[in-house]
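Please study the structure shown below. The questions that follow ask how a value and a definition together lead to a conclusion.

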Amino acid sequence: MKAKLEEIKKKALESIEASESLDKLNDVRVNILGKKGELTAVLKSMKDVAPEDRPKVGQMVNEVRVEIETFLENAKKKMEQAALEARLAAEEIDVTLPAKKLPRGHRHPNTTVLEEVENIFIGLGYEVVEGPEVEKDYYNFEALNIPADHPAKDEQDTFYITGDILLRTQTSSTQVHEMEKGKLPIRMIAPGRVFRSDEVDATHSPSFHQIEGLVIDKNITFADLKGTLAVFAKELFGEDTKVKFRPHHFPFTEPSAEVDVSCFKCGGKGCRFCKGSGWIEILGCGMVHPHVLEMSGIDPNEYSGFAFGVGLERITLLKYEIDDMRLLYENDERFLKQF
Amino acid sequence: MNTALSWIKAYVPELECTDQEYCDAMTLSGTKVEGFEKLDKNLDKIVVGEILKIERHPDADKLIVCQVNIGSEVIQIVTGAPNVKEGDKVPVVLDGGKVAGGHDGGPLPEDGIKIKAGKLRGVPSNGMMCSIEELGSTREMYPAAPENGIYILPADTEVGIDAVELLGLRDTVFEYEITSNRVDCYSVLGIAREAAATFRKPFVPPIVEIKENDEKIEDYVSVEVLDQDLCSRYCARVCTNIKIGPSPEWMQRRLAKSGIRPINNLVDITNYVMEEYGQPMHAFDLDTIAGHKIIVKRAKDGDTFVTLDGQERKLDSEVLMICDAEKEVGIAGIMGGENSMITDNVKTVLFEAATFQGVNIRKSAKRIGLRTDASGKFEKGLDPRNAEAAINRACQLIQELGCGDVVSGMIDVKTEFKPLVVLPFEPKRINALLGTDISEEEMLAIFKMAEIEYNAETNMLTVPSFRQDVLGVADLAEEVARFYGYDKIPTSLPGGESTAGKLPFKLIVEAKAREIAEANGFSQGMCYSFESPKVFDKLLLPEDSELRNTVTISNPLGEDFSVMRTISLNGMLTSLATNYNRRNKDVKLYELANIYLPKQLPLTELPDERMQFTLGFYGDGDFFTMKGVVEQFLANVGLNKKVEYDPKNKKTFLHPGRQADMIYDGVKIGYLGEVHPIVCDNYDLATKAYVAVIDMPYVVERASFDHKYEGVSKFPAVTRDISMTVPKTVLVGDIEKVITQRGGKILESVNLFDVYEGSQIKEGFKSVAYSISFRAKDRNLEEADITGAMKKILNGLEQLGAELRK
């Protein structure tokens with residue numbers, strides 16, 4: 001019996017060794033271990049074995065079976081491994097072939113900058129608001145302390161629709177709408193389109209964007225204005241950005257200032273972007289003029305506030321080193337795709 | 001405004017600083033320096049020399065050889081200049097020195113021109129004699145300089161001294177940007193006062209004293225102001241025995257550095273006083289003034305007048321004129337007349353220093369089309385007190401410069417001055433506004449420098465008349481802040497009640513639109529809000545189209561920018577065409593911007609500004625690509641109901657068979673389609689293009705970002721495929737509507753997988769095939785459920801004229 005089992009085992013191992021494919025291996029399995037297989041036949045013949053020998057013989061048959069199965073399994077794994085390796089080798093690609101272009105449009109650089117600015121101020125607790133682009137004279141001028149015949153009205157080169165309706169020249173008009181709502185305190189920024197009658201060239205456009213800021217509350221100080229804009233500049237241009245406030249004049253703020261930031265291209269050493277000065281002018285600001293507060297129904301003895309206005313295109317052009325403003329409105333996809 | 005630093009220093013004698021320090025400090029205290037130019041930056045080693053001997057050059061007819069004494073030695077210089085003679089004193093640049101420009105007066109090179117000893121036609125030359133152009137200036141500014149020649153210095157000039165200093169070129173000219181509220185700073189004295197306060201040095205204005213003769217002005221002239229609303233003050237003085245000649249060099253130099261050409265003593269004095277005091281003046285030849293009488297009154301409509309530049313000007317009844325007893329002699333505040341012009345033969349001069357109403361001058365100058373230095377100053381609204389100071393200063397200069405005698409007295413016709421502004425001194429409030437802790441003493445010291453007078457007894461501050469901008473506590477705070485230093489004010493963040501920062505819902509929906517457009521390959525463009533009314537023709541809009549009712553700009557930059565757009569497509573098509581004509585392939589663009597629809601015309605209230613989400617592309621894709629993007633957007637902002645596409649409302653600018661209105665919930669929210677080939681042609685777009693326009697206000701009204709979990713069914717779906725033929729005229733949308741309506745609650749999805757026309761399908765019909773899925777949330781579907789639902793669907797389809805294909 002033992003000899004027979006050894007015989008079966010030897011034959012099985014030899015056939016496995018000789019198998020070249022998974023199918024052949026399977027044949028071997030069926031021939032030896034299958035229902036009609038040789039080893040199964042041995043088991044079937046157990047009834048002929050003396051009952052006291054059966055456990056021993058059974059154990060022997062089982063040992064042979066396990067041995068063959070293990071051998072089979074190993075052979076199969078080896079074969080599968082080889083097949084996989086062959087497939088992978090066949091599937092090798094030239095990874096330097098060009099990438100497939102997935103559709104993805106590009107945001108206008110103005111929008112990207114605007115979103116950065118909005119996020120900074122939203123983080124500081126400001127609400128983003130909008131106002132009309134076609135506006136009443138009152139909101140664009142008079143309520144901002146620019147009465148009829150004020151020279152500033154000439155300076156701004158306004159597009160008029162009628163004597164009383166115009167295209168807003170500044171987002172500051174939104175300040176007035178917001179103050180008139182009568183809800184205090186106010187912390188808002190108002191981005192939007194503004195219009196001035198400038199001929200189109202590399203640095204001028206009759207239509208551009210501003211971002212207005214307004215804070216009104218009790219005890220708002222010029223120091224708060226300085227602090228807020230310093231945070232803004234650092235967030236937008238980098239942690240090392242320095243901010244310089246220069247006295248200036250706007251009819252709707254007093255005291256007023258123009259704000260320079262240390263050049264974010266050269267760090268203040270002087271380069272072509274800052275025209276060698278190390279500073280770049282980015283915005284105008286000031287404490288809301290008491291008369292402006294009064295006109296919108298806010299008591300300047302109780303409340304104070306600050307306002308600022310940033311030219312969006314100016315920052316976009318500087319930030320991305322765009323040398324011609326016209327590119328922003330031409331919508332050439334080769335331009336837009338760079339952002 | 002341009003002024004030499006030396007002129008400022010004349011009134012702030014203790015001022016000592018470098019050019020850069022001055023520039024920075026003045027800018028930080030509010031007098032912004034735009035730039036400065038060091039006049040001697042390229043002038044080096046230039047001394048006064050005396051020509052001792054001139055000989056002919058042995059080998060060149062046009063050259064001469066000069067022996068020049070430069071104090072320390074005598075050097076030989078070869079020159080081609082025709083105008084020098086022995087004994088002349090001239091500026092000489094020595095070997096290794098530098099001059100600013102060439103003798104031809106062309107543009108000055110950035111780094112100047114180096115001068116080295118060398119040989120000219122074989123004869124050694126150890127320096128160069130200089131023309132005014134080589135010194136960086138012009139004959140206009142140095143009238144004493146000869147044409148094409150060496151600048152000859154006065155005979156008594158000391159030899160060997162610094163010629164640059166002698167010619168007043170050791171100086172720096174600063175250019176200031178004066179803000180419109182600081183009328184007082186459009187003058188040298190105004191800037192000097194600021195400089196004194198900035199550097200905390202004493203301000204020493206000129207002391208004006210006049211020795212008058214014993215004649216009386218009343219015997220010379222009388223003045224009558226008929227329109228005092230436009231002329232709040234008219235000061236007149238008379239000078240006799242006028243001797244016209246050049247003004248002294250110091251005056252010529254100061255004017256030249258301010259960019260004003262010296263002419264003669266009389267003209268220079270009026271210009272000088274205008275620069276110094278900021279008060280324009282006018283000088284009349286009194287002998288040309290009929291009746292020796294000045295009348296100030298408005299012109300009449302249709303009058304004309306010849307100004308001293310020889311031009312005839314049209315006048316109207318709002319232009320203020322200076323007249324004599326018979327005729328007009330000048331346009332008030334703008335320009336004098338040819339008929340009363342000063343000539344070299346003038347004997348007696350009538351000086352005018354007046355205060356004209358600023359707005360009127362500004363508007364008149366604009367209407368007449370003549371803006372002068374004088375009108376530029378008047379239009380800012382001058383201080384009437386300054387007129388008297390200026391006219392007296394002019395008379396003082398006439399006398400001191402030996403230009404004439406001053407007749408005693410001044411004619412002064414004026415309305416009552418505005419009272420001086422008096423404000424309480426509130427240091428606490430000022431500190432509260434600035435967020436500072438500046439002491440009272442410091443504040444008062446600043447006010448003193450600004451000439452704002454403090455009365456300790458009343459605790460009141462009196463603002464000087466020239467500071468028309470200081471009207472309230474905020475203005476006082478600014479004075480304190482700018483002289484204390486904006487940079488010294490601390491930084492803090494607003495305290496108080498905290499507020500939530502946020503975007504309004506509308507902007508959130510717009511952000512979603514950008515996200516979806518970009519995810520589908522569309523890039524964001526930006527177009528102008530105004531365009532040409534011709535675009536309506538380009539878009540083939542009918543004559544009576546409502547879109548032709550525009551908000552129209554009354555003063556546009558030109559017709560191309562004259563109407564506010566009522567439709568966003570022109571911008572999109574123009575942008576697509578730009579790309580197409582630059583050979584950019586497969587371009588997809590979107591825009592989010594307003595259109596402007598008037599509620600009535602002419603406009604009496606603000607128009608309706610409607611945000612439009614406009615998409616456009618050419619190249620890869622078709623109508624259904626666009627439809628996919630639009631549906632993706634709507635689904636992403638919570639418009640989950642089925643959008644209906646209505647092809648019936650034909651838009652002229654779209655392909656008649658490839659367009660549809662988008663209907664949501666019964667409301668038209670936009671449209672999409674292929675651009676009409678003629679319209680493409682009109683835009684030079686030689687390709688098919690597709691556009692979609694979504695009217696965002698409708699979307700924003702219906703949008704929602706709320707989501708509720710609905711449960712995912714654990715039970716399997718059952719799918720049935722059906723194929724049918726229908727008349728061509730039946731829209732797939734109608735078929736889907738039937739299936740959706742009749743499928744019942746268990747209908748999960750309907751997917752079109754084939755539409756076919758052609759052979760095997762009879763003429764006028766098309767084959768349509770759907771895969772319909774059913775699923776219940778709570779149970780396995782039974783065959784009866786499916787057959788029941790399918791039967792209802794098939795019945796409905798038969799009513800549409802569909803024949804089921806087996």
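Q: Why is B:Glu748 called partly exposed?
A: Buried means under 20% relative accessible area and exposed means over 50%, with partly exposed in between (1.4 Å probe, protein chains only). B:Glu748 has a relative accessible area of 43%, so it is partly exposed. This is a predicted model, in which local features need pLDDT of at least 70 and side-chain atom pairs count only at pLDDT 80 or more, while totals for chains, interfaces and linings use all residues. Side-chain values use heavy atoms, without hydrogens and water, residues are numbered from 1 along each chain as its sequence is written, and chains are lettered from A and ligands numbered from 1 in the order in which they are written.

Q: What makes B:Glu748 and B:Arg775 a salt bridge?
A: A salt bridge requires a side-chain nitrogen of Lys or Arg within 4 Å of a carboxyl oxygen of Asp or Glu. The side chains of B:Glu748 and B:Arg775 meet at 2.7 Å, N to O. B:Glu748 lies in strand β38 (residues 747–756) of chain B, and B:Arg775 in the loop between β39 (765–774) and α20 (783–799) of chain B, so the pair ties together parts that are 27 residues apart in sequence. Here helices (H or I, at least four residues) and strands (E, at least two) are DSSP runs, numbered from the N terminus. B:Arg775 has 26% relative accessibility and therefore counts as partly exposed.

Q: How many salt bridges does this rule give over all chains?
A: The count comes to 82 salt bridges over all chains.

Q: Why does the pair of A:Glu281 and B:Lys32 join two chains?
A: A:Glu281 lies in strand β8 (residues 279–288) of chain A, whereas B:Lys32 lies in strand β2 of chain B, so the pair joins two chains. Their side chains form a salt bridge at 3.6 Å, N to O. A:Glu281, at 29% relative accessibility, counts as partly exposed, while B:Lys32, at 15%, counts as buried. Both residues belong to a network of salt bridges that also includes A:Arg246, A:Glu258, A:Asp260, B:Glu34 and B:Glu177.

Q: Which residues does B:Asp40 touch, and is B:Asp40 buried or exposed?
A: B:Asp40 is placed in the loop between β2 (32–38) and β3 (44–56) of chain B. At 12% relative accessibility, B:Asp40 counts as buried. Contact means heavy atoms within 4.5 Å. Leaving aside residues up to four places away in sequence, B:Asp40 touches B:Val164, B:Leu169, B:Arg170 and B:Asp171.

Q: How many aromatic pairs are there over all chains, and why is the pair of B:Phe174 and B:Tyr176 called stacked?
A: Rings of Phe, Tyr and Trp (its six-membered ring) pair if their centres lie within 6.5 Å; planes under 30 degrees apart count as stacked, over 60 as edge-to-face and the rest as tilted. The count comes to 35 aromatic pairs over all chains. The ring centres of B:Phe174 and B:Tyr176 are 6.5 Å apart and the planes stand at 25°, so the pair is stacked. B:Phe174 has a relative accessible area of 0% and is therefore buried; B:Tyr176, at 3%, counts as buried.

Q: What is the angle between the planes of B:Phe522 and B:Phe617?
A: The planes are at 80°, with 6.1 Å centre to centre, and this aromatic pair is edge-to-face. B:Phe522 is in the loop between α13 (505–519) and β28 (523–524) of chain B, and B:Phe617 is in strand β32 (residues 608–618) of chain B, 95 residues apart. Both B:Phe522 and B:Phe617 are buried.
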